[in-house]
Each structure stands twice: as C-alpha cells, then as structure tokens.
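Please keep the sequence and the structure in view while reading.

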Amino acid sequence: MSESQKASHSIQPAAPSVFGAELRLWGQQLAANYADVLPLVIGLIVIAVIFQSQNQNFLTARNFVNLIVQMAGICTIAYGVVFVLLLGELDLSVGYVSAVAAVSMALLLRDPMSWPWYAAIALVLLIAAGIGLLHGVIITTFQIPSVIVTLASLLAWNGVVLLIIGGNGTILIQDPVVIGIANYFLPPVWGWLLAAVIVVAVAIRYFQEKRAWAQRNIPGASFSMLLAQLGLWAVLICGIVYIANRDRGVPMVGVILLLLLVVLSFLANHTAFGRYVYAVGGNQNAAYRAGIPVGRIRVTVFMISSIMASLGGIILAARLRSVDTAAGSGNLLFNSIAAAVIGGTSLFGGRGRVSSAGLGALMIAGMENGMGLLGLSPGLKFLITGLVLLVAVLVDAGMRRKRLGQG
Amino acid sequence: MTFFQDLQRVLRQNVREYGMFIALFVIMAIFTVLTNGLFLSARNISNLINQTGYIAVLAVGMTLVIVIRHIDLSVGFLAGFLGAIAAIALVQWSFPVVAVIPMVLVLGIFTGLITAFLVAYFGIPAFVATLAGWLIYRGLLLQATMSTGTIIIPNAAFNAIGNGYIPDIPGFDMIPGHALTLILGIIAIVIYIVSEINARRKKQTYDFEVLPRDIFILKLAFIAVVIGLVTWVLSGYNGLSWTAIIVLLVVGIYSFITTRTVLGRHIYAVGGNPEAAELSGISVKRITYVVFGSMGLLSALSGILFTSRLQSATTTAGTLFELDAIAAAYVGGVSAAGGVGSVFGSLIGALVMGSLTNGMNLMGVDISVQYVARGLVLVAAVIFDATTRRRGG
Amino acid sequence: MEPLLTITNLTKRFGTLTVLDQINLTLYPGEVVGLAGRSGSGKSVLTKLIAGLYAPTEGEIAFADKRLRRPTLHYADIAVIYQEPELAENLDVTENIFLGNEIGWSPLSRWLLVPNRRRMDEAAAYMMQELGVYEVALHEKAANLSGEQRQLIAIAQAMAKPAQLVVIDELAAALRYDYQQQFLRLIQNWQRQGRAVLFCSRNLEHLMAATDRIVTINHGRQVGNHRTDEVNREQIVAEMVGAGRNHLSPAAWALDSYYRVREQAEKLLFRQTLLEKDLVAQDTLNRQLLEQLNAQVTALDRVNNALQAAQLRLLTEREAERKHLARELHDEVIQDLLSVNYELEDMEIQLADVPVLRQQLPYIRADIRMLIEDIRRICGDLRPPTIDSLGLGAAIQSYSAEWMGRTGIHVNLDLDANLGRLPEMIELAIFRIVQEGLSNVRKHAEATTVDISLKHTSQRMLMISIADNGGGLPQSFDPSKLSAAGHYGLLGISERVALMGGHLKVQNQPFRGAILRAEIAHPRVKAVIDAD
C-alpha cells in the first residue's frame, strides 16, 4: 500500500514555478480584459506604421496634438452613437443635427443676437434635446425602424441647415470662449497635474474593484497584476501629456472628451438607466416585462444621441472658427458611426463600451489625418473609410457568430 | 346600402391601397393650382415621366428589398458609379452601346450579389453593409470621374434612352398627335379592363369578397380615364418616351414575377416570416441573393437612364436617389414590417416623389426647403404605413 | 377586507376569436387562488392581461381600487412569472434578477440610481438558497443558462419585487421535482407574508396542494369557483374538460390520471436522480479502489521483475559457480587423485616385496579410480564437460547415453542438425531442462522409453520436447502448485523457461505418457548463421 502510494506520488508532474503561474494568470486576465480592444490597438499601430513610413510628419508631437483636436468632434458624436447602437437602433441624423447645432450657435453668438456663450450653448443643447425627443417619439409611438426615420430627418435637417445659413455662406465665430473649446491648450504644469489626477483616479478605481471582487469571494486580479496595469496606465498617460507638452500642450478638447467619457461611462455602466439600455438592447421583451419603460428609454437614448451630436457640432465649429453650408456633410455621419462600430459596439445591440468608441474615433481620425497628410483624393478617402467600416462590421459579425456558437 | 356608404367603407378598408393614389392626386392638384396649370402641361408631364424613370426603377428594386426586411442605402451612388462606368466605356474606351449596356447591367448584378453576400453569409445588418457601400461607391464614383470631371457623352443612341421618344407610325395622320401612343394607351385600357373583370369573376367563383358592382365600375372607369388622359396628353407632345417604355416593361416584368411566379411567392413568404419560410424549405439566403442581385441590376439600369438623361456622367450623380427610392417604396405601400408591398405601388410612389420634386422645381422652391419637404414626405409615408398596419393587425 | 385584485366581466377577443369571456375574479391579500384549465383555455391570456401585456376588450381589472390600463402602471406591485421567461441575454444572473428593481443609492431619479452590486449579489444568493439552488453562478451571463435555470431566475425576479400580488403562469415543466416542491413551499411563504397569489396551472396536484380557492375556466369561460377544501378532484376535472358532473367521459379521467401519472413519473425521476447521484459516488469510490489496486499491481509487477532479475542472476551465478566448482574438482582434485594413484602405482612397484601392501594397494587404487570416476560424473553433472567444447547437441547426446546406461531407460534423441552453437546461457538452460526432465521421468514416470527432440520451429524459436511412455501426469496435476506439491524439478524447468522468455507446456499425450514442451527464443550466434 505504502509502496504504491509513493509510486503514485512520484508520477505527478513537478509543480510549475510560482513565477510562471503568475505570468500565465496575467496573460489570461489581460487577454480577458482587453480582448475586444486588442484588434483596435493593433489597427492603430498598423495605421501609425503605414502613415509614418509614407510621411515623416505623422508621428510628431505637433501632429499628435492635431489628431486629438481632429478626433474630438467625431469622438463626441460617436459617444452618443454608442448608446443608440446599444439599443440595436441607428441614428443617421447625427451629422446634420450637429450642423444644425453649430449653425444655431453661430447665429446666436453673432451680431443681432449677441448672446453670451453659455446661454447660446445651453439653448443649442436644448434644441438638440428637442430634436432627439422628436426622433424618439416618432420612432416609439409609430414603431417605425429608426433607420428610416433618421434617414428622413437627415434630409430634413440638411434642408434646415441650408435654410438657416441661406445666403450667408459662411458664418464666423468670434466668441473667444467658444473658439477656445478647440483652440486652447493647457499650460504644461496643468497638463502634468491632470495626468496626476487621472492616474490617482485610475488607481482608486482599480483598488475599489479589487476590494469589491474580494468581498464577493471571486478571485480577482492579483496585487502585482493591478500594479502592472496601473503602471501601464501611468506610462501611457504621462507619455501623452509629455508628447502634448512638447508641442502646444494638452488641448482643452482632450479634457472635455475625458470628462464626457467619464460621465457617459458612469451613466452606461453604473446606473440603472445604463443597465436598462443594455437590457433593452439584449432582449426588449425581457426589459418590457421587467417593467422597464422601454419607450422612454428609447426616447432618452435618441435625446442623448442628439445632444452628443450637437456638442460634437459645437466642437467642430469651434475648431474651424466658422460654420458654412458644408457643415455636417461628407463623412461626418459615417465616421462617427464607424468610430463606434470599430470600437467594438455591436450593431445587434446590447454590447459595447463608450470608452472603446474613443479608440475607434482615434483610429478614424488617424486615418483621416494620415490620408490628409498623404494628399489622397476625396474619392480614395471615401473608398478607404467605407472599406474600414466594412472590415469593422465583418469583425463584429464574426465575433457575434463565435459568441452564438459558444453559447 | 347606398353607393356612398359603400364607397366610404371600401375607402376605409383599403386605405393602404388607395392612399398613394390619393396622395398623388392631391399633390398633382396642389401643384396644378400653384403653377397655374403649368404642371399638367404636356411638356411637363412628359418631363415628369422621364425624371421619375430612374427613381421608379430603383423603387421597384427597393420594394423587394424592403419586402424581405432589408434596406439598401448604397443604390444612389451605385447607380451614379455604374452610370460613370457606362460613360467611360462609351467615351474613353469607345465601346459600342450594345456592348456597354449589358456590361453595366451585369456589373450591377455583380455588385448586388456582393451586398447580398455580406448580408446573407455574414449576417451583417443590411443598412450597415450598404452604408459601407454608400461610402465605397461614392469614393469609386469620385475616383472614376476625378481626372476628367464631368464626362460628356456624344453618343446619340445612348442619349435617346433618357431623352428620346418612340417613333410614330408613318402615314397615320387621321388622328392628331402621336398615333402609336394613343393606340398603345387604348390597348392598355382594354387589357386592364379585361383582366380586372376576369379577376373579379374568378374571385366570385371562389366566394371571395369583391368590390360592390357599382364601385367596381367606378374604379374601372377612373383608371381608364386616367390612362386615357395621360396618353392623350402625351400624344399631344412627343408621344411615349423610351424611358417610359423601359419603366413600364420593368414594372410589368416585376409585377409578373412577384404575383404570378413561385419565386415571387417565396420572396413575400420570406418577408412575412423568415423563420417560417426557412422551415418550409425556402432558402432565405438564396432569396436574399436574388433580391439584392435584382437591386444591383436595377441600380445599373437607373444609372444608365440617369446618365443618358443628363447626356453625361457627373461627380455627384446618384446623390440622394436612395432616399427617393425608399420614400417611393413607402409611399407605394411597402411595409417596414416586411412581407407587404407591390411593385406597381412603388411606381405610383415614385410618381409622387417625382411630382413633388418636379412641382417644387417648377415653382422655384429653394433646395433647402425641398430637402425638408422630401424628408417630411418620407416620415409621413412611414407613419401612414405604421398606423394603417396596426389598424389592420 | 378590501380585495386586492378585482376582475369584472373581463373579455378579450383577438379579431373575431373570443379568448376570454366574462371572467369575474376577486383576490384578497394573503389568498392563493388557483386557476385551473387545460392548455388553450385562456389562462396565459388572463395572466398577460393582469400583467398588462394586453389590453382588455371589455370589462376591467382593478388593482387595489385602481383600474389597470397599461403595464408600466403597477409593475412594481404585481410580479408575474411567465410560462416562458424572457431574460436579457447580455446581462448576468444578478442583473437579471434585479432588472427594473435594482438595490442601490439614488441621487436624483430612479434612472440615475447607482446599483449596489454587493448587496444585490448577497440578496440574489439568499434567494437562490431559498429556492434550493446552489449551482448557478451569479455572474454568469443569462445566455449561458439552461431552461430550468432561466425559470428559476424568473422566480427569483418575482421574489425580488416587493409585490403585493404574484401571478404564476403554469409552473413550467422545465423545473425538476424537488424545485417544484420548493416552489410550492415558497408560495406558502408568500401567503404568510400577506401576498396574494394567482396560480394558473393544469396540474391538479399542485393546485390542491397550494391554493385556498380554485377557479376553473374552460374555453375562456369561467366554470367554477370553489374553496379547495370543499371540492374534490373529480369535480375540478369535470369542469376543466367541460363535461357534466354525473357523466364524466373516460377522456376526462384519462386527463386527470395523466397528470397523476406524470406527477408520479416526476417523483420517480427525482428518486432516480438521487440514486444516480449515489451511484456516481459509489462509482468514484470504486474507481479509487481500482486505482489503488492498479498501483499495487504495478508495484508487485516491479517487485516481481526485480525478483526475476535476481533469480536470473542467481542462476547465472550458480552456473558459474558450478562451472568453477567442476573445474576445481577436475583440475585440482582429480589431478591430485590421479597423482596419488600414480604414486601408489610407483609404491606398488617399489614395495613389491611387502605382501600386505601388494595385496591391498590394487584395491586402494581401484577405489581411487572409482572415486575419480565418481568425481568426474559429479563434474559432468555440475558442468557437462562437452558443452563448452562441443556444444549443446554433443552434451545432450553424451548425457543421455550416460543416463541410459545408468537407468536402463531407452532414450531416443532427435536433435536439429543445424543446431550450431548458441549463447552459453541458453545452451546451459536447455541442457538443464533436459537433465531435470530426464530425472523427472526416472523419478515419477515408470517409463521404458523417452523421446527427446530439440528443433527450430522458426528462425528464432527453439522447441525442446521430452515425451515418455510412462503413467502420465496425475489427475490432480496443477502447474501453479508445483512447489507445494514438491515437484521442484518441474518448477526449476518452468522458472528457467520463464527467465529465457519462453513458455512451457506439460500435458498428457493420448494413450501414452506425459510430454513436456518448452519453446525458447534464442538469438542465433552470427557466425553460425553465416556458416549455414
């Protein structure tokens, strides 16, 4: 007996070293946490490599800061689009709604009105909320596909923009605060302060999460794992601030994007409303039976979409310091939808993150920026953007198929 | 029951079916009044038909796409791009017209199949797949016309498709105006009346509900008068245009396919309930390929008609066609819930949209207002669909 | 007491089809009312009307004196457990249980409530425990759950609501028997807490067990309304299927017995699962035992192998020892004896004149020669003298000739002509086998003839057979008990054969004596093969 026991013990493989196990756990957790972001990061690196090899100006501090300013508009709109996509709906009107907002703001700030900037922006946001309300109410009361309603309203708002601008051609914006939204850069010290605040916030967040997992008796990430992630964040954030400070500094829009990201992420992930949005996108019947006011959720989401679109429009107008008849046209709509979709928000509803839309917007803006640097023709730009959107959608469909296959 | 009570009841019950006629009638009446009759002039009616042609063709295809619960946003720039290909083939490669047209049509089918592949094979929602198509075809159009800008087509045969009229019968001068058009109109009226009476009799033998006799006669008379009036007006000008013939042919063929063939039944079955259709042995994928393939084909045809009408390919050709086509389909009674909608209805819908554009252009309405109006009409049509659908179900 | 739910003249039509017709029902707090009806009798529609998924065609539903119109109005006060639960597939178990009913801190409005995940998890775990569920992970996505688990979550959803009224639509057959029983207990708990329960079911067992009152509907029409303790199953069944009280059709009884049988089947199934669990436990125990046994057998095998190796070594060493001994005897003792003999011969010549010696010495010399012969024979037994120089064949020949002479038993030899030289070990082993075999024959067989044959059966196999014409093996012969029976000779043979990797057969020949067959593999010496 004792002989055989000894024999069976000696058969067992030698236990792997503690360090190796730790490393493997790290790998698994990293892969699990960032699986949906990985393609994006790879895409970003590929884009950076391609454009840098074609044009030496792509990876410079100056262009980096430009990129942040350029992506701001798309990113803000994409934040709103994420919510609509989470419901499994689509808002095609965001482009021209942003134009309507920009034009109205420009008119309010201009001579005959001469409103102060805060009043103008407040009214514009109110108008946008009204537009979203209109879309949502039509969609919910008549139960019409949102694609069609927003397609129609796309046309209508385009008409409205042309109507308002009329013969003016271009309306200049002279309010320094509004212009500052997209053209003010934080002094270096403030930039570093901001970086410190973010790192501390991320740290608090991580340790809170760790504690929560521990309380629920679920084995979470190890302490060293947390430290490593935190270190990664710190390096990333400080790197961004460092690069930005080598040029003009961290742009104000960057801070705005961050604030919006925090607020909207909180809304999506840590409020009942956010859960309801996910639930409606996941299974409308279930949400309805659970007593969730599905219709009001839908209307609210379209209002969020329109409000974010109007904010995007304001940022875009501030960057150009003017509004003209081309506002909201061209690629804006597609870029913002593509940013959300590339960011991993599923078109089938119920899956996606606000933060990923930021990365998606960075990718789209990077492509726009790079293609601009290379001096590609508008036709090629459309073509490439379309293809990128297609690839993102294919990836989404593929992932969905895989999920369904598993489940 | 009196005649008027009957009429009221029939109208209420069939509001979906007659809504578009009423809309067309109202729009025409309004524009006739606003333009002091200019709208109903022979020249303008002829123009209207030629302008509506390329939208009507798209609307026919879009009807089937919406019937199977999809949507195609790429058709506008696809039409523009394929039109540009036709122009390039004619002008730069000097291909003969007889080679160019089949080539472009085949290319259209091919692009339609690509969309279908994305939708059917990968399960991508059609609106996103075609949104990507919208960008890609717009890019391709710009690329194709980048070096030359607008490509002017000097080919008379090609340009006749969008601008020419059918020849008159030589030496037939007893009747004033365009004799062949009138004869065709009369033939159409006779065929219509005979087929309607046949259909009614067949329904009666199976004890189906039919229109009351007097209302049926009223309907026949009304349609006959409308066809007669249109042909009369047209014969007073240049007669039927080739565009009109092509559109009528397309509508005729598609009507036949959708109402009289197994394929048509299958398309509607898939639209009504895809799962049920799949379970009863219909390949939903194959139907998707067929419908998007036909959409591509009709986009190509639309592109040819538009290019021929402008006698040139431009960098912005096809802008917002998809919107007009979708609106036309909805006005024509397609339902967003799938499985409902007729090809003939979309032709009427296309006429409504065409009349709207044409009338506003005649009045010199600003383009911005036109956008708003077209958007509102689309919303109104969809709301009309939703409310009548719910009352029905 | 104020009624909680009052349904008056409720009618629901879909198109021209009347699904519910003039239903009247009142429900008081703390009351459990059963709604019995066959499938298709309108139970589900009534549930959905109360839930507010449908609007009534006529009549009204009043809840706590307020008229119900649309669903969102009272969703917090009425919990509904549907027959086919709908869950948000992308949310996890806890989120689904508390969907629309989150626990947390709310700064402004209900929508901006920040859910407290920890408290929700604790509450969910508690409810799951109460339902007797232990295998659902709370952070599992609903998409990965089984039908039964989904049903349990639907029940937990109802538990999570502070609802005054719980409506249950057909406790799904998806639930296992023990969960069903647990659920019936839960209904009683609700009743004790003062909640009203409307329990729609086709299963009379459940209704009789859990309800205060049973309302029967058939084809959308209300048929009966009884206190549960005043009514018997027969009457309920009769009402459910719409037959008159006195003439129940066999079909109706078939229906009732169907449910009874199903109930029993479920009970059996439950027992079976319990048994299966026991079996599984037993099985694991068995498997563990088997594994231990295996390990022991392996260890024994190893020990055996070691023993065999030791024995092989022992045998080899013994042979070497014998060889050495034989050589010592031959080279030392015999030579000494021979020289003694020569000296005696010399002495005999020199001392020819001593008569005593002359008489005695020849005897002594003859004794010594016999002694030498004896020692030579012993040497031969210890180590056949011919085997090293002339090989196996010659050794066997000379041994058998000598043996024949000694015992008088005739030996027929049939040796392979191409035997050649084999490795020393094998030659010795075969020789010993022949030796032992012959001595066996002499000891036990009472034979007159022995046939020995040594043949190649194939390139690599040698077959030795020793057959006699004696009395054969006794009936009780058992090869596994050789040592116990004292057959050390055969035992030695079998050990040798086993060590050579061969196999041995001992059996009786028909009408003759016993035969011993040993087949041994041998590596041929290369030179011999070349010589062939």
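Are α14(B) and α15(B) oblique or roughly parallel to each other? The model is a predicted one, in which local features need pLDDT of at least 70 and side-chain atom pairs count only at pLDDT 80 or more, while totals for chains, interfaces and linings use all residues. Residues are numbered from 1 along each chain as its sequence is written, and chains are lettered from A and ligands numbered from 1 in the order in which they are written.

**Two helix pairs**

The axes of α14(B) and α15(B) (residues 343-363) come within 7 Å and cross at roughly 120°, where axes are lines fitted to C-alpha atoms, for helices over the stretch in contact, and angles run from 0 to 180 degrees between N-to-C directions. α14(B) and α15(B) are therefore oblique to each other, since angles under 35 degrees count as roughly parallel, over 145 as roughly antiparallel, 65 to 115 as roughly perpendicular and the rest as oblique. Helices (H or I, at least four residues) and strands (E, at least two) are DSSP runs, numbered from the N terminus. Among the residues of α14(B) that meet α15(B) are D324(B) and Y330(B), and those on the α15(B) side include S346(B) and M353(B); two residues are in contact if their C-beta atoms, placed from the backbone, lie within 7 Å.

In chain A, helix α8 (residues 176-183) packs against α14(A) (residues 294-320) at an angle of about 95°, with their axes 7 Å apart, and that makes α8(A) roughly perpendicular to α14(A). The residues of this contact divide into seven nonpolar, one polar and one charged, where Ala, Val, Leu, Ile, Met, Phe, Trp, Tyr, Cys and Pro count as nonpolar, Asp, Glu, Lys and Arg as charged, and the others, Gly among them, as polar.

**Where the chains meet**

Of the two pairs of chains in contact, chains A and B share the most contacts, whereas no contact joins chain B and chain C, whose closest C-alpha atoms lie 9 Å apart. The side of chain B that touches chain A receives the most from α16(B), with 15 residues, and the side of chain A that touches chain C receives the most from α12(A), with six residues.

| Pair | Residues in contact |
|---|---|
| Chains B and A | 36 residues of chain B, 37 residues of chain A |
| Chains A and C | 28 residues of chain A, 31 residues of chain C |

By class, the side of chain B that touches chain A has 27 nonpolar, seven polar and two charged residues. The side of chain A that touches chain C has twelve nonpolar, eleven polar and five charged residues.

**The sheet of chain C**

Five strands of chain C form an open sheet in the order β13-β14-β15-β17-β16, with mixed pairing; two strands pair if DSSP finds at least two bridges between them. β13(C) and β16(C) stand at the edges, each with a single partner strand, so one side of each is left without a neighbour in the sheet. Six bridges join β13(C) to β14(C), which run parallel, and seven bridges join β14(C) to β15(C), which run antiparallel. L413(C) stands opposite I452(C) in β14(C), and the bridge partner of L454(C) in β15(C) is I464(C). Helix α11(C) packs on the sheet, touching β13(C) and β14(C), while α12(C) touches β14, β15 and β17 of chain C.
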